[in-house]
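Biologist: I would like to learn how to read a model like this one. Can we go through it feature by feature?

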Amino acid sequence: MADFDYLAIDTRGAEQRGHVAADSAEAARDLLDRRRLYVVRLQPSSPPATVARPLFGLRLGGGKLSGKQLTLFTRQLATLSRVSPLEESLRTITRQSEQDHVRAAVAQVHAGVVEGRRLADAMARQPRSFPPLYRAMVAAGERSGTLPVILERLSTLLERQAEIRGKLITTLAYPAVLAAVALSVVTALMMFVVPQVVEQFDTVGQELPLLTRLVIALSDFLVGYWWLMLLAMAGLGLAAWRALKDPGVRLAFDTRLLRVPLVGRLLRDLHAARMARTLGTMVAGRLPLLEGLTLTAGTVHNRRLRLASEEIAEQVRGGGSLSAAMRRSGVFPPLLTYLAASGEAAGRLDEMLERAADYLEREFDRFTATALSLLEPLIIVVMGGVVATIVLSILLPILQLNTLAGQ
């Protein structure tokens, strides 16, 4: 069976492009005729171009859709599918996409729909761009006949996740830049300023203060062995990266990470908010709760939280309730467990999970704002203390010389 690219006109006079699989060109024409398409051009599909392997195996700017691009695609499809057929909506998005890899990914989905596939099955041909959780919600919308509603909920979910991710990056960016600048300033002082000043004390003939000797020793080490420090840090980083590849080591590391003050709470709240919002959206979209739990567990990066999510799915599969399974896991906020139990009792689980997600996200905003307001002055104070120590180590010998001269 071969693939054929075609250009055809439908019964409304609209242009249709795509490809179809058939044993021969005549069979392909018959298939398109049965779809009530007038064939203008039909030719064998050209083989996919061979893509050269990039340097070091890295591919930049191509391949899968990014989170932002997937969110934009979902919002566009949710809007267009309410007023036009799915095939036409996909064709419109393909034409207005600016990036080549986005256009290619959407075009392949469009071709699959034209061939008669369901939208979720067409998206399965692009697994790196459309994750399993995404495809499961699309499939649920197709089965229930509420695809536009599901796409609307899915686009809202992706936008909320992108918003949270953006807030987290914004929160961490400024302290990270401030810390990097502070470390660079201190390193420059120790490697370039201190050695120049120390030369002035070589001919004094007096014992230098202890603080000055310590700073000079550290400066000499940085100047003479900076390359060794870089190699040691690179080696430690590589060793840590290889160690975290081991499942047991990674699980132990992630478990201890959740016990770190502030950081552990931040990770737990982020995971709980994401899980609550995702499950709420899936339950509202008539997707089975067990399937939602199983798919959500696969998206969790922290191994301890992933293990807890998988245990919850197993308990629900065995007939247990969601709230009881969450309570036994011991890693979810009590509020989420309580609201899940209330939702199950009242038959409004999706609404209660959405409310829990809203509350946890507001708590995350307040927590990060407070942490940032404390972290910024802390970095400035530490930097000021280190610089003051260096300056004091330089001034102490000068004061000592003035005292001797006065005697």
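Biologist: Which residues form one aromatic cluster?

Modeller: Rings of Phe, Tyr and Trp (its six-membered ring) pair if their centres lie within 6.5 Å. Here F73, F130 and Y134 form one such cluster. The structure holds three aromatic pairs.

Biologist: What should I know about the model itself?

Modeller: It is a predicted model: local features need pLDDT of at least 70, side-chain atom pairs count only at pLDDT 80 or more, and totals for chains, interfaces and linings use all residues. Residues are numbered from 1 along each chain as its sequence is written, and side-chain values use heavy atoms, with hydrogens and water left out.

Biologist: How many helices and strands does the protein have?

Modeller: Helices (H or I, at least four residues) and strands (E, at least two) are DSSP runs, numbered from the N terminus. This protein has 15 helices and three strands.

Biologist: How do I look for empty space?

Modeller: Rolling a probe the size of a water molecule over the atoms shows where empty space is left. The search uses a 1 Å grid over the protein atoms alone. A cavity is a set of points where a 1.4 Å probe fits but cannot get out. A pocket is an open set with protein on both sides within 12 Å along at least five of seven lines. Lining residues have an atom within 4 Å of a point.

Biologist: What volume does the largest pocket have?

Modeller: A volume is the space filled by probe spheres set on the points, and grid points are joined across faces, edges and corners. The largest pocket has about 1,200 Å³. It is lined by 44 residues, and the closest to its centre are Q161, R165, R274, T299 and H301. Elements giving two or more residues to this lining include α2 (67-80), α10 (263-284) and α12 (303-317). The largest share, nine residues, comes from α7.

Biologist: How do the lining residues of that pocket divide?

Modeller: Ala, Val, Leu, Ile, Met, Phe, Trp, Tyr, Cys and Pro count as nonpolar, Asp, Glu, Lys and Arg as charged, and the others, Gly among them, as polar. The pocket lining has 22 nonpolar, twelve polar and ten charged residues.

Biologist: Where is Q161, and which residues does Q161 touch?

Modeller: Q161 sits in helix α7. Contact means heavy atoms within 4.5 Å. Leaving out residues up to four places away in sequence, Q161 touches R274 and T278. Q161 and T278 are 117 residues apart in sequence, yet 9.5 Å apart in space, C-alpha to C-alpha.

Biologist: Which residues line the largest cavity?

Modeller: V194, V198, T212, V215, I216, S393 and I394 line it. Elements giving two or more of these residues are α7, α8 (210-243) and α15 (349-406). α8 gives the most, with three residues. The cavity has a volume of about 40 Å³. Its lining has five nonpolar, two polar and no charged residues.

Biologist: Why does R103 count as partly exposed?

Modeller: Buried means under 20% relative accessible area, exposed over 50%, partly exposed in between (1.4 Å probe, protein chains only). R103 counts as partly exposed because its relative accessibility is 29%. R103 lies in helix α4 (residues 100-114). Beyond residues up to four places away in sequence, R103 touches T94, S97 and E98.

Biologist: What percentage of the protein do buried residues make up?

Modeller: Buried residues make up 36% of the 407 residues.

Notes. Phe/Tyr/Trp six-rings, centres within 6.5 Å; stacked < 30°, edge-to-face > 60°.
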